[in-house]
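Here is a briefing for a reader new to this structure. Please look it over first, then read the points below.

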Amino acid sequence: MRVLLVEDEERLAETIARGLRREGMAVDVVNDGQSALIKATVNKYDVIVLDRNLPVVHGDEVCRRLVAEQSASRILMLTAAGSIQDRVTGLDLGADDYLPKPFALRELVARIRALSRRAAPLVPPVLVAGDLTLDPARHIARRAGRDLGLTNKEFGVLQALLAAEGRVVSAEGLLEKVWDENADPFTNVVRVTIMTLRRKIGDPPLIKTVPGVGYKV
Ligand code: CA
């Protein structure tokens, strides 16, 4: 079983990693959210143990992005705060389980094992903007109940924009997310795809162009 441990308190991370390795798990350790996202793209982890309060990219955001990208890894969130509200927030973000600190190593091991046994693929939440819904698991995008009939690229662009939750996504960012590394950065595929996407979405317009920066919903 392969585990990614994301914990910024380095001594705690080492202690946990040692304990998990003793249980026969292959454990990679990173100390910030950005590194976690990079690792998760490069390697396939059965379980990602994710501290919530992380530098560079917050644990909540890491979780949200992993879920949006339909990562197959199960996510177990760790947090210092064990209130019911925090627990609910963590699960709302799409985490599969939640463990408040401090915890016994034995409990962490048991929960990781339980998560890795879960056969069902992670179901990402449905993305919503007004009367538009996008369901990545079913690959369906609708506006006011009407199926938009999007191509894969249009669907990918819309998903990336919705997942950004109102933040601007650059054309390069979209190219990177939706096309592969062989895509020519100087082509106008993004602009053309946005154009057809806008036509299919219809009125009132949903995708805004931010001149010189990119696009947002
Ligand atoms: Ca922390």
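From which domains does the lining of the second largest pocket draw at least three residues each? Domain 1 (2–119) and domain 2 (127–216) each supply at least three. The domain bounds come from an automatic or database domain assignment. This is a predicted model: local features need pLDDT of at least 70, side-chain atom pairs count only at pLDDT 80 or more, and totals for chains, interfaces and linings use all residues. Residues are numbered from 1 along each chain as its sequence is written, and side-chain values use heavy atoms, with hydrogens and water left out.

**Calcium site**

- Asp 8 (OD), Asp 51 (OD) and Asn 53 (O) coordinate the calcium ion at 2.1 to 2.4 Å.
- Donors are N, O and S atoms within 2.8 Å of the metal (3.2 Å for Na, K and Ca); water is not among the atoms, so sites may look incomplete.
- The donor residues follow the sequence spacing D-x42-D-x1-N.
- Asp 51 counts as buried because its relative accessibility is 3%, whereas Asn 53 is exposed at 57%.
- Buried means under 20% relative accessible area, exposed over 50%, and partly exposed in between (1.4 Å probe, protein chains only).

**Largest pocket**

- The largest pocket holds about 1100 Å³ of space.
- Of its 33 lining residues, Thr 41, Arg 65, Ala 68, Glu 69 and Lys 177 are the closest to its centre.
- A pocket is an open set of points on a 1 Å grid over the protein atoms alone, where a 1.4 Å probe fits, with protein on both sides within 12 Å along at least five of seven lines; lining residues have an atom within 4 Å of a point.
- Volume is the space filled by probe spheres set on the points, which are joined across faces, edges and corners.
- The largest pocket lies between domain 1 (2–119) and domain 2 (127–216), because both give residues to its lining.
- Helix 6 supplies the largest share of this lining, six residues.
- Helices (H or I, at least four residues) and strands (E, at least two) are DSSP runs, numbered from the N terminus.

**Second largest pocket**

- About 240 Å³ of space lies in the second largest pocket.
- Its lining includes Arg 64, Asp 92 and Glu 165.
- Helix 3 gives the most to this lining, with three residues.
- Strand 6 (127–129) and helix 6 each supply at least two.
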